[in-house]
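Visitor: Could you walk me through reading a structure like this one? I would like the general idea each time, and then the case at hand.

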Amino acid sequence: MTNTCPASLCALFSLTMDVRTLCRTLSLLLSLRAGLGSADDGWSMNVQPEVRAREGYPVVLPCTFSHPQHSQHSTLQVLWRLGHGQGSTVLYRCTSRAGSHTCEPGPQQDQRYRLEGNPREHDLSLRINSATLQDSGRYYCRVEVQGREHISFEEKMGTRLRVEAPPKILALSVEGTQQSGYRALCRVQGSPLPDVQWLGPDDLPQEGLLVGPLAQGSQGPYYTVSQLRDVEPGQQYTCSASNPVGKEQATLYVLPPQPPLSVTRASPPLLLLLSVSVGAKVLLLVGMGVWWVQGGSCWKKE
């Protein structure tokens, strides 16, 4: 005799088994996660998401951490990197040996960077002297505990450094010919990227055309060129650049074109001048010779 169960009872039994299986799976995953997290137990790191700086001034990137007590008496290595992954650049590296309260940088360390904090006091803050526009980017601090078990910890989000600079007009020039027309070019640098305005004769606003930013090595994101077409000779034009940090302007005067000099017409006066010059030298030499002869005879008489 074969025992059978109603379809509803079989479905309930199958659902019960699935719930039990799911609970066991979740319990296993939680246990596994707890086991993996135990290796980082006691680790934490605090950084600022963003830091702003002015060009030419020092800036500090804060970074503090905590770690298990057993690493307090181990050798610590501190690293600061610009960027993440294989394309990152190690900017600063120092080693704090057990029992020492200093962190010694390597012999080739760039002196613009130095550790502002003390790793033994859980402070890895980095100081950058005389910040430049090229220092802008995302920085990551890292601490490594060197011993029987090499342990390291790094904050994954990093700190975004934004270096700001007032506008600087690098060049103001005029290009073109009388046949094709003249245009004024204003090359500007700054961060945030400056807004460029033109003023024409009588300080009337003129419509310029941005032909940048242009890639100029590492200046790319902070460099732009504005062009003003159909400028007229004999007039002056002003380029004005501004951003939230400051403002700068410069004025140029477009000189009228000069008529070319005729070589044929210029030749006779030039030849005449040369002839007069050579003749004067010959007369001077002859006069000096006569004077010398006469003077010699006088000396002889005496």
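**Around arginine 81**

Guide: Let us begin with contacts: not counting residues up to four places away in sequence, arginine 81 touches Ser88, Thr89, Val90, Leu91, Arg138, Tyr139, Tyr140 and Glu154, where contact means heavy atoms within 4.5 Å. This is a predicted model, in which local features need pLDDT of at least 70 and side-chain atom pairs count only at pLDDT 80 or more, while totals for chains, interfaces and linings use all residues. Residues are numbered from 1 along each chain as its sequence is written, and side-chain values use heavy atoms, with hydrogens and water left out.

Visitor: Is arginine 81 buried or exposed?

Guide: Buried means under 20% relative accessible area, exposed over 50%, and partly exposed in between (1.4 Å probe, protein chains only). Arginine 81 has 12% relative accessibility, so it counts as buried. This residue lies in strand 5 (residues 75–82); strands are DSSP runs of E, at least two residues, numbered from the N terminus.

Visitor: Which side chain makes a polar contact with the side chain of arginine 81?

Guide: That of serine 88, at 3.1 Å. A polar contact is a pair of N or O atoms within 3.5 Å; within protein, one must be able to donate a hydrogen and the other to accept it, and residues adjacent in sequence count only if both atoms are side-chain atoms.

Visitor: How do I read a sheet?

Guide: Strands of a sheet pair through backbone hydrogen bonds, either parallel or antiparallel. Two strands count as paired if DSSP finds at least two bridges between them. Here, three strands form an open sheet in the order 3-9-8, with antiparallel pairing. Strand 3 (59–61) and strand 8 (113–115) stand at the edges with a single partner strand each, so one side of each has no neighbour in the sheet. Strand 3 and strand 9 (residues 126–128) pair over three bridges; valine 59 has isoleucine 128 as its bridge partner in strand 9.

Visitor: Which peptide bond is cis?

Guide: The one from serine 191 to proline 192, with omega near 0°. Proline 192 lies in the loop between strand 13 (181–191) and strand 14 (195–199).

Methods:
Helices (H or I, at least four residues) and strands (E, at least two) are DSSP runs, numbered from the N terminus.
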